[in-house]
Amino acid sequence: MFKSIQWKIISLFMLLSLSLVIFVGTFLMNSLLDYYHERFYTTIASNTFINDLTTSLNDTLNTPDPVERIKELLNAYSIQLGIDSYRNIYILDGKNAQVLYSSDDSTSIEPSITQNILSALNGQRGDSIQKNSSFLDFALPLVKDGKTAYIVYIKDTKVELYDIVQEIAKNILLALVFGFIVALFLGLILSRNIIAPLKRLQARAEKMASGDFEHAIEIKADDEIGRLTRSFNFMASELKETLLKVENEKNKISTILLYMTDGVIAFDADGTLIHINPAAQVMLSVPMEEATKPFDEFFKDLNIDISLNYLFYLDRKINIEKDITINDRHIKAYFAAFEVEENTPGGVVVVLQDITEQEKLEKSRREFVANVSHELRTPLATIKSYSETLIENLDKDKDSFVVNFLKVIEKEADRMTRLVRDLLTLSRLDYNKNALKKVKFDLVQLVDEVVKKFQMTYKSHTIIFEVESEIPAFLGDKDKIEQVITNIISNAIKYSYENSKVIVKCGYRLTDAYIKVIDFGIGIPKEDLARIFERFYRVDKARSRETGGTGLGLSIAKEIVELHNGKITIESEYKKGTEVLITMPIYSG
């Protein structure tokens, strides 16, 4: 109750009233005390004893009975001096301040020796003010022959002042009570004027929280609260429009996810499933009760080795691809982590694509290429042997024209033979995925050996080898890995400028070994990067043909790396250079 704004306003008004009354009361009290003191000394010291009374009092010292004469003079001036029951006049002996006469008939009672009496005993007028004293006094010495003979002493008990102060205090207390009542009344009125629109805002906010955005709040004033109400109405209108747009977008996305042929699965940062569309359930043959499993367990049941922490550790730009086979259905799964805030993981989205038909077509195409390649081996060997035999039996000077043609035939036969060899290699990799001869070997030593071969062969290039971290014993097909490294470094040299530099790095990170080849050559155009691993695809077809390329080298390298459960990626900037990164788990079996 007392935490509400209404009671805070009322309390503020009451505190202001209390502060004002205390301030005014204190000011009045201090002013009254100052005035009473000033009037006492002005009336007695300044006015009375400066006139003829002082002279007359001094003249009494030469009379036979000075005390009686002084008493008569003082009685004559008693009204002027304000002598009453609160203020009395005394005649004191100038030697010991003994009371010789008192207007209150208390001669037997000697007054206390005050500072002013001491001053009078020393022949000086005692008119010092003691504000904190319980009385006011004044002492006038009557001096004869250089000595104080008598002292006229006036003492005010301040009883009259205290009576006045008490009366004022009562009035102040009454004013305080009245002020509290007025403050309470005004506080209630003002607080209600302030609280009423705030309560309307509160009620409107509660309705908005429940989804009601229809009714605007009436604006009854053009003050700050009125402007706040106007802003609140505007905010409610904008929020309604925004929520409608969000709802429309949500409905669109829900419709798209519901009817799209690709499967979509979403998990939050804790690995809890937050969405799975019908296409994903059909592809994975997952009933709804099993779809509630956590991320790691969900994909472990699908024989996919991937964890949520691993995805969060990767750069957000990196997507992971995995192949799933369920009931003769081939599915490509793309894993991508997303953030809700900077460096704060929000979850993972998994997109599933059914590539069963593409796999069937690809299988048919590969079978056709394998068969054709196998059938071409014999005729190509025959063409080459016949052309070589004809060249050897012809007169090179006499039949130079024919010899040149036969050499072209021989050269093209060699190129076709290399093409057939690469095609057969790809076919073996496609159909014999478990035919790798895996052994443990030193990957760093293998890369070093390959680099040294190129350093000896290509003197026109600077080939640098750097070991960034030691790599544990690697399990894989040594010959196939050597073929991949050779292919990548060869491409880096072929597509670099003369006297340029090629950098080869290798190291170990988490559970993966990596090999990185960097060149500063002609690079790859951005539009060609997406197709660089396609079979027979060549960026610079003319130059590839000149260097004897078949367009299958990177495809073979990709197949070998993936057979080792690894990944090969290429980043390049045209005319600036290319970077190839190969990552493979240490134990890829």
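Predicted model: local features only at pLDDT ≥ 70, side-chain atom pairs only at ≥ 80, totals over all residues.
Next I looked up how the pair is arranged, since two packed helices are described by the angle between their axes and the distance between the axes. The axes of α13 and α14 come within 10 Å and cross at roughly 40°. I recorded the crossing of α13 and α14 as right-handed.

I then turned to the core. The largest nonpolar core has 39 residues, and L443, F474, I481, I485, I488, I489 and I582 are those with the most contacts inside it. At least two residues of this core come from each of α13 (443–457), α14 (478–494), β13 (501–509), β14 (512–519), α17 (553–563), β15 (567–573) and β16 (577–585). Another core lies apart from it and has 27 residues, including L273, L308, I331 and V350.

Which residues does I481 touch, leaving out those up to four places away in sequence? I found F441, L443, L446, F474, I560, H564 and M584.

My last entry concerns α17, which is mostly covered, with 8 of its 11 residues buried. The buried residues of α17 are L554, S555, I556, A557, E559, I560, V561 and L563. Just after α17, I noted that N565 takes a positive phi of about 60°.

Methods
Residues numbered from 1 in each chain as written. Heavy atoms only, no water. Core = buried A, V, L, I, M, F, W, Y, C linked by side-chain atoms within 4.5 Å. Buried < 20%, exposed > 50% of the residue type's maximum accessible area, 1.4 Å probe, protein only. Helix = DSSP H or I, 4+ residues; strand = E, 2+ residues; numbered from the N terminus. Contact = heavy atoms within 4.5 Å. Axes fitted to C-alpha atoms, helices over the stretch in contact; angles between N-to-C directions. Left-handed = near helix turned anticlockwise from the far one by under 90°.
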